[in-house]
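Me: I would like a close look at one part of this fold, at the level of its packing and pairing. Please define the terms as you go.

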Amino acid sequence: MKVAVMGYGTIGSGVVEVLDINRDSIARRAGMPLEVKYVLDLRDFPGDPIENKVVHDYKTIVKDPEVGIVVETMGGVDPAYTFVKEMLCAGKHVTTSNKALVAEKGAELIALAKEKQVNFMFEASVGGGIPIIRPLNSCLTADEIEEITGIVNGTTNYMLTKMTEEGLEFDDVLKDAQARGYAEKDPTADIEGYDACRKIAILTSLVCGQQVDFEDIYTEGITKITAADIRYADALGRRIKLLAQSRKVKDGYVAMVAPFLLPENHPLYSVNDVFNAIFVHGNVLGDAMFYGSGAGKLPTASAVVADIVEIAKHMDTNIAVEWSSQKLQLVDSAGMEHRFFVRAHANRDEIAQIFSAVTYTAEAEPGEIGFVTERMSEADYAAKAAELGTVVGMIRMAD
Ligand code: HSE
């Protein structure tokens, strides 16, 4: 089977490497040898083993009947969307690591793949090398999935771990993450939570079988987290983690991405550094956890190549994926209930008058006071915080 790789960046070159490192076992599992015939990229790669396979026009791949499987590791929605669509229309199977593409165009590309009796797979788009898409699609099908809560962004998890362990400020840790190649030069997508938001949109779409638009998900990144917040977290015996969460509620599904304060007994408390973990609760299964390398070249390539093997085993079959383009209107996250940890320039009388019963933290930064509210809705909290008027920071408590 001939394979084409579109995009020879970190993940694309990792895919070529994995196909080479594990050539024999992959061929055995796929039931056929897999050979990279083309690498599509704007650049040339003189001296690289694939230098003679580089093409600059994606139509070369579209027109070659020998290519049955196409890997998309370009990133971004355009032109990846155009290229993938044409590959599917030409009867080629596609696997992608591109969460932006999957979150926005997943339903359409799944429908197109079904129409053309090929497969569109995207295991690597969430959780890097951790299996989560296939488990949701194939293994947990007996369940109503009632909750998915994940640490699905390695960069921010590394940064929060470093802030926790070394007491550093956000900007210093960001520079360190960039120097290590975890955070990109423009780190916005990671630190503002946009990457995690797309990933939870994909997982929620798979769970409910409908299109969940990432724009509808309330998203807060980690840019406001400071070394002082970490000191408060320590005093509370908790750790701050960026969680991407969706829950089945009475009237549908509710989703959110935000930093949370996790207690020591929370299943995601010990997920550190660039690791990812996804906690799933099913109504008959109970709890399950998927943990591992959630980002990086070879872990992500491992998931892409696993898709290639799965495709090779199903060359004549479209594996059904339940994700229709019918939009699911999420329930307003203003109704989500938590306890809230709050930092404010206020005195206890003012706080008690507005928030009633609160628990004060042992830690207090100069000139401010820290407290944890009772359980209340996002909307109630917002109204009370506005009334108090002197809130300098808030982080949600994960139970
Ligand atoms: N920027 C992403 C992360 C890469 O840090 O998790 C994997 O999707």
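Reply: Contact is taken as heavy atoms within 4.5 Å. Helices (H or I, at least four residues) and strands (E, at least two) are DSSP runs, numbered from the N terminus. The model is predicted, so local features need pLDDT of at least 70 and side-chain atom pairs pLDDT 80 or more, while totals for chains, interfaces and linings use all residues. Residues are numbered from 1 along each chain as its sequence is written, and side-chain values use heavy atoms, without hydrogens or water.

Begin with helix 13 (residues 348–355) and helix 14 (residues 378–388). From helix 13, E350, I351, I354 and F355 meet Y381, K384, A385, E387 and L388 of helix 14. By class, this contact has six nonpolar residues, three charged and no polar; Ala, Val, Leu, Ile, Met, Phe, Trp, Tyr, Cys and Pro count as nonpolar, Asp, Glu, Lys and Arg as charged, and the others, Gly among them, as polar. The axes of helix 13 and helix 14 lie 10 Å apart, at an angle of about 150°; axes are lines fitted to C-alpha atoms over the stretch in contact, and angles run from 0 to 180 degrees between N-to-C directions.

Next in the numbering comes strand 17 (residues 391–397), which pairs with strand 10 in the parallel sense over two bridges. Two strands count as paired if DSSP finds at least two bridges between them. Across this pairing, R396 of strand 17 stands opposite F260.

The link from strand 9 to strand 10 is a hairpin of two residues. Strand 10 also pairs with strand 8 (residues 218–219), in the parallel sense and over two bridges. There, Y218 has M256 of strand 10 as its bridge partner.
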